[in-house]
Amino acid sequence: MKKSVLLIGMGRFGRHIAMKMNELGNQVMAIDIVEERIDKVLPFVHSAEIGDATDEEFMKTLGVRDFDVCIVAISSNFQSSLETTSLLKELGAQFVVSRANRDIQAKFLTMVGADKIVYPEKQVGNWTAIRYGSDHILDYLELEDDHAIIEMDIPLEWVTCTIQELDVRRKYGINIIGIRKNGKMNMNITPDIRLFSSDTLLVVGELNQIQRILK
């Protein structure tokens with residue numbers, strides 16, 4: 001379902017969000033205090049305004065409560081990010097996602113009402129370290145509570161075994177949710193599927209447990 005998104009802060013992070021939101025068919029209103037940054041995202045947004053997101057009178061004109069999601073992507077001024085997050089909640093925003101660079105920032109953003117915190121640098125850093133710190137992890141998506149979805153090579157001892165024979169849920173506490181064969185991902189997992197060395201697995205579970213399996 002298409003969403004209406006209020007996106008505040010058109011730096012590199014905000015611009016990438018705007019481009020992807022546009023690609024996904026969502027309607028985005030972009031806000032930034034710098035006209036040049038707004039000009040760069042005009043091809044990717046439904047509407048845009050030049051203004052100070054910490055200015056209550058300006059923010060009241062936007063009707064923030066009518067947006068499905070409000071994203072605070074401000075990166076260069078944490079004080080502005082904090083004030084904007086607080087103001088959005090005061091004005092009745094339904095769901096606010098705010099950017100943080102450090103845990104202490106996340107703590108304060110949560111205190112003033114942020115519904116969700118994102119860490120662009122931390123999350124990309126974790127992905128890079130995990131993806132390229134192992135020869136057998138092909139992709140990685142961090143979930144909450146130290147869990148992750150990982151695309152991984154087939155461990156040597158699993159080759160030619162069926163899903164039923166492996167019984168990974170009982171033995172390892174992980175779930176197989178997809179198998180890539182000949183470049184195509186199959187999400188319809190049945191017990192009789194047999195694994196081969198050319199396949200890759202999409203698994204979900206505790207990250208440390210998955211890493212132990214690969215070692």
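Author: Two strands pair if DSSP finds at least two bridges between them, and that rule is applied here to a predicted model.

Reader: What makes strand β5 and β6 a pair?

Author: Strand β5, residues 96-99, and β6 are joined in the parallel sense over three bridges, and since a pair needs at least two bridges, β5 and β6 pair. Within this region, Val97 stands opposite Lys116 in β6.

Reader: Why are β3 and β6 said to stand at the edges of their sheet?

Author: The open sheet has six strands in the order β3-β2-β1-β4-β5-β6, with parallel pairing. Both β3 (47-50) and β6 (116-118) have a single partner strand, so one side of each is left without a neighbour in the sheet. Neighbouring strands of this sheet are turned by 15° against each other on average, direction ignored.

Reader: How do you know that helix α1 packs on the sheet?

Author: Contact means heavy atoms within 4.5 Å, and helix α1 (residues 12-23) touches β1 (4-8), β2 (27-32), β4 (69-72), β5 and β6, so it is described as packing on the sheet. The direction of helix α1 makes about 165° with that of β1.

Reader: What makes β7 and β8 a pair?

Author: β7 and strand β8 (residues 147-153) are linked in the antiparallel sense over five bridges, where at least two are required, and so the two strands pair. The bridge partner of Ile137 is Met152 in β8. These strands belong to an open sheet of five strands, ordered β7-β8-β11-β9-β10, with antiparallel pairing. At its edges stand β7 (137-142) and β10 (184-186), each with a single partner strand.

Technical notes:
Residues numbered from 1 in each chain as written. Predicted model: local features only at pLDDT ≥ 70, side-chain atom pairs only at ≥ 80, totals over all residues. Heavy atoms only, no water. Helix = DSSP H or I, 4+ residues; strand = E, 2+ residues; numbered from the N terminus. Axes fitted to C-alpha atoms, helices over the stretch in contact; angles between N-to-C directions.
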